[in-house]
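I opened the model to look up its fold. These are my notes, in the order I took them.

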There are 2 protein chains.
Amino acid sequence: MNSLNLAIVEDDPEVRWLLSDYLRRQPGLNVVLVSESAEDFLAELPDGLSPHVVLLDIGLPGLSGLDALPLIKQRLPQADVIVQTMFEDADRIYLALSRGASGYLLKSTPLGQLPQAIREVAGGGSSLSPVVARRVLAHFKPSPQPHAAALSPREQQVFEALIDGLADKEVAQRLGLGLETVRTHVKNVYHKLHVSGRIELLSRAARGQL
Amino acid sequence: MNSLNLAIVEDDPEVRWLLSDYLRRQPGLNVVLVSESAEDFLAELPDGLSPHVVLLDIGLPGLSGLDALPLIKQRLPQADVIVQTMFEDADRIYLALSRGASGYLLKSTPLGQLPQAIREVAGGGSSLSPVVARRVLAHFKPSPQPHAAALSPREQQVFEALIDGLADKEVAQRLGLGLETVRTHVKNVYHKLHVSGRIELLSRAARGQL
DNA sequence: AACTCCATCCCCCAAATGGGGGAGGGGCGC
DNA sequence: GCGCCCCTCCCCCATTTGGGGGATGGAGTT
């Protein structure tokens, strides 16, 4: 079980050779399949063979790595896929992660860090290049509402209750207020946030636009 | 500019000593401030001094690292904060990241990896322990709705329109249907997804619970 | 043929919602 | 003192929403 089965999908012959050659030398790593395209990979994959980790290039001709990801995860649900690419744009990163990638390494990653990244991923972790990680974290922050500042303390509380999906009546209970009071606050929140009602409010919140 | 100013906030005396001692020895790293609490850190911080990176423990007595994060980012907007902790629960990770942490390292991280992580962060990247990274990535995936499968094609369309915040009438227009038809589909969607109305639906969608 | 699911549309009704309005009291700043 | 904002509560009214019922026709299964 110490032997980690690894598959490599990479179109550039030189890179492919470098990668497979280097990784083959690593103790505990077992390169079981090397393909030059996602189509080839899926076709060549023997039924019995299930790599623990797949190193997947994104800039593939034909079926792109991004499009191949769901197919690979379907064929090998328990395998972890590390996406390797020179692209570091938020869209591609987001796509790769939402399609089940367990790692996202830039091609600029030193070869020497690959074995560790592969072991981390196989061990239930994830490996992200620093630049990529920063992009990912950026998706978590944007909370600071420029609007929220305009909301009075009470309105802020009411706002949060609305986000929680409460009805006016329930908000009144939670905050110990009269129904009519809550209705007043709610209307004020709508005005200050420039929304027409709780549905628009929630649908924007769902998109992180608030 | 090659010298990286580093501040350390850590309550455990032994760990504090180990960290500061080890990091002080690293070439290019300059430990400029070591505090045993967030309060001390904010108080001791000279006005002219702006560390590039702050190593922040989360399990602090008094003001927790999590609560201190926003204050630190306020005082030092350009500084990158690396959170260091033994906690790996999703809540704390999420909180730390949404409050502006640029890195999240577990206490189990080998000392030897710290300098690299610090340099990566200072260089505009982010550093996450593998386990943490996996947790973070999990937040990106969950799209595949187990429910969605149960929705008929029309219902799926209606569902998406609801997420977009449309009213019944607007859904009818978008899909070229009669209002009553839409109302029927909407009700069916509610039943199949076990929600009581669009507010619960949207508020769950906002939390990624759908 | 009988059954089930889907899509389309219709009706009724009670509750919740949004958009207006107003009013009294408290606090803060000028 | 006067104005302004916040908090509290009240009323009216048109629309929307949820929940319940039912009807028709088509497609697919058994």
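Strands are DSSP runs of E with at least two residues; helices are runs of H or I with at least four, and both are numbered from the N terminus.

I noted that this is a predicted model, where local features need pLDDT of at least 70, side-chain atom pairs count only at pLDDT 80 or more, and totals for chains, interfaces and linings use all residues. Residues are numbered from 1 along each chain as its sequence is written, chains are lettered from A and ligands numbered from 1 in the order written, and side-chain values use heavy atoms, without hydrogens and water.

**Sheet, chain B.** I looked up strand 1 (residues 4–9) of chain B: it runs parallel to strand 2 of chain B, with six bridges. B:Val9 sits opposite B:Ser35 in strand 2 of chain B. The open sheet in chain B has six strands, paired in parallel, in the order 2-1-3-4-5-6. Which strands are at the edges? Strand 2 (29–35) and strand 6 (127–128) of chain B are, each pairing on one side only.

**Chain A.** I counted 10 helices and six strands in chain A. The C-alpha trace of chain A spans about 70 × 35 × 30 Å along its principal axes. I found 47% of the 210 residues of chain A buried (under 20% relative accessible area, 1.4 Å probe, protein chains only). Of the chain A contacts (heavy atoms within 4.5 Å) with a separation of 6 or more, 62% join residues 24 or more positions apart.

Key: Buried means under 20% relative accessible area, exposed over 50%, partly exposed in between (1.4 Å probe, protein chains only). Two strands pair if DSSP finds at least two bridges between them.
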